[in-house]
Structure formats: structure tokens, C-alpha cells
Amino acid sequence: MSISRKRKKELRRLQADANQLWENQQVLVGHAADVAREAGRQLGHFGREQVGPVVQDTYNRRVQPVVDRGVRFGHHVVDDKVVPIVGGVVGTALTAWDVANAKREGVVKKVNKKVKKATKPEPQGPGLGSVIAIILGAAAAVGVLYAAWQALRADDELWVADDPLSAPDA
């Protein structure tokens, strides 16, 4: 099938119009990209010059004091409450550990000495004094934990009004 000259001429004209439209669209898209790039640059300037200082000022006035107060309170609780309690408990545990190790070493030494010298009697190891020291250390640790619990718990019964209540006017 052959196409008539009239149809070929119309198809060439249609193809030329389509090519012209394609070129115009490419120019338009390029111009739109330039405008979008410039808008982004202007938006960045606006954000740095207008929005950024307002956000920074609001953060400095409202958020930072609350965060600083929370950090100071956290340091206070850790430094003044938790560290002394943990130190006391660890100290008591290490003391008990040392007493147990000393007692075990004493038993080992006793056995070695008894093997070497069966005739010489050895004095007893840690006795009543060590037991009393361990009990007192444990009681002190329990007392420290109880005092910390009392200090850190919320007690609504301790609330006291700032202003005294006055009777209503009659």
C-alpha cells in the first residue's frame, strides 16, 4: 500500500509540528528547572535569615532552660543520692568478701600447718567479732537503702499550703 502525496505532505507537516512542540517543551522544562533551582536557593536564604534565628531564639528561651534544669537535677540525684548508696553497698560487699577470703585463707593455712605440725594447736579464725561486723555492715546498708527510699519517694501527706486558708467573708 502506498500513501498518497497529500497524506505524505500532511504526515511531514505533523512530524514537523511534533518536533517543534518537543523542542518547545524541552526549553520550557529547562526554564522550569532554572526557576525551581533559584526558588530552592531563595528558600535556603530565607530559612537561614528568617526562620533559623527565630527557632534558635525560641529554643534558647524555652527548651534549653528545661533541659539544663533536668540535667542538673540528674547530676544532683546521681552525685548526692545514688553514688553514696552504691558506694556503701559496694564497700559492705567488698568487706564481706575480704572477710570470707581471709577466713578461707585462714582455713587453708590451718590445714597446711596441721599437716606440718600436728602437735601445735592453732587459734580459731575470725569468730564472733567478724560475724558481728558483717551483721552491722548489712544493717548499715539496709539503713542507707531505707533512707534513700524515704528521700526519693513521693509523699503527698507532706504537702503544706503556701498561704494560710482564710474564712469566707459573710
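L94 is partly exposed, with a relative accessible area of 47%; partly exposed lies between buried (under 20% relative accessible area) and exposed (over 50%), using a 1.4 Å probe and protein chains only. L94 belongs to helix α1, which covers residues 5–116. The model is predicted: local features need pLDDT of at least 70, side-chain atom pairs count only at pLDDT 80 or more, and totals for chains, interfaces and linings use all residues. Residues are numbered from 1 along each chain as its sequence is written, and side-chain values use heavy atoms, without hydrogens and water.

**Overall composition**

- The secondary structure consists of two helices and zero strands; helices (H or I, at least four residues) and strands (E, at least two) are DSSP runs, numbered from the N terminus.
- The protein has 170 residues, of which 3% count as buried.
- Its accessible surface is about 15,100 Å², and 63% of this belongs to carbon and sulfur atoms; the areas come from the Shrake-Rupley method with a 1.4 Å probe, and for residues only the protein chains shown count as cover.

- Side chains of opposite charge can pair when their charged atoms come close.
- Four salt bridges are found in the whole structure, each a side-chain nitrogen of Lys or Arg within 4 Å of a carboxyl oxygen of Asp or Glu.
- E10 pairs with R7, and their closest N and O atoms are 3.0 Å apart. These residues are three apart in helix α1, about one helical turn; E10 is partly exposed at 33%, and R7 is partly exposed at 48%.
- R37 and D34 form a salt bridge at 2.9 Å, N to O. R37 is exposed at 57%, whereas D34 is partly exposed at 43%.
- R41 and E38 form another, with the closest N and O atoms 2.7 Å apart. Both residues lie in helix α1, three residues apart; R41 is partly exposed at 43%, as is E38 at 35%.
- An α-helix has 3.6 residues a turn, so residues three or four places apart point the same way.

**Helix α2**

- Helix α2 covers residues 128–152 and has 25 residues.
- From its first C-alpha to its last, helix α2 reaches 36 Å, close to the expected 36 Å; the expected span is 1.5 Å times one less than the number of residues.
- G137, A141 and A148 are buried in α2.
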